[in-house]
Amino acid sequence: GPRNGLVVRRQREEALYMKMNVKTPGLAWNPVQSELDLTYRERYDHHRPDPYSRLLLEALRGNQESFVRSDETQAAWAIFSPLLQRLEQERRIPEPYTAGTRGPPSADALALRVGFVHEQSYSW
């Protein structure tokens, strides 16, 4: 049957969305897919400031949770610098794809080669 899924979107269109297989009431075992959808724009009527406004407000309040520490930044550069250097040496060009899609077709081909199965029944 369909797979269970959990989507947590933190920015731009905040949402918490879950699909899971549940048993229907009664004595028979009849699994169906059920949904929990907490999409903020549909649930709440009030104005939501854009992410940058919220980030600036958190900075003014002294809340550092949304900011990266310097040692974390240095660790990230230590990991990614060799990768970026190799991409430049090999003159690799990122593969373009349409904004809002799952990515380029080659990403799906790679997923199939390594055994990943994409559940087509997922819709939101």
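**Sheet, surface patch and loop geometry**

Strand E1 is joined to strand E2 (residues 15-23) by 5 bridges, and the two run antiparallel. Strands (E, at least two residues) and helices (H or I, at least four residues) are DSSP runs, numbered from the N terminus. The model is predicted: local features need pLDDT of at least 70 and side-chain atom pairs pLDDT 80 or more, whereas totals for chains, interfaces and linings use all residues. Residues are numbered from 1 along each chain as its sequence is written, and side-chain values use heavy atoms, without hydrogens and water.

Arg9 has Ala15 in E2 as its bridge partner. An open, antiparallel sheet is formed by 3 strands in the order E1-E2-E3, where pairing requires at least two DSSP bridges between two strands. Strand E1 (5-9) and strand E3 (31-39) are the edge strands, each pairing on one side only.

Trp77, Ile79, Phe80, Leu83, Leu84 and Leu87 make a nonpolar surface patch of about 600 Å². Patch residues have over 30% relative accessible area and no salt bridge; nonpolar side chains (Val, Leu, Ile, Met, Phe, Trp, Tyr) are joined within 5 Å and like charges within 9 Å. A salt bridge is a side-chain nitrogen of Lys or Arg within 4 Å of a carboxyl oxygen of Asp or Glu. Accessible areas come from the Shrake-Rupley method with a 1.4 Å probe, and for residues only the protein chains shown count as cover. Ile79 lies in helix H3 (residues 70-89) and counts as exposed because its relative accessibility is 58% (exposed, over 50%; buried, under 20%; partly exposed, in between).

Arg91, in the loop between H3 and helix H4 (105-113), has a positive phi near 55°. Most residues other than glycine have a negative phi. Arg91 is exposed, with a relative accessible area of 72%.

Key
Buried means under 20% relative accessible area, exposed over 50%, partly exposed in between (1.4 Å probe, protein chains only).
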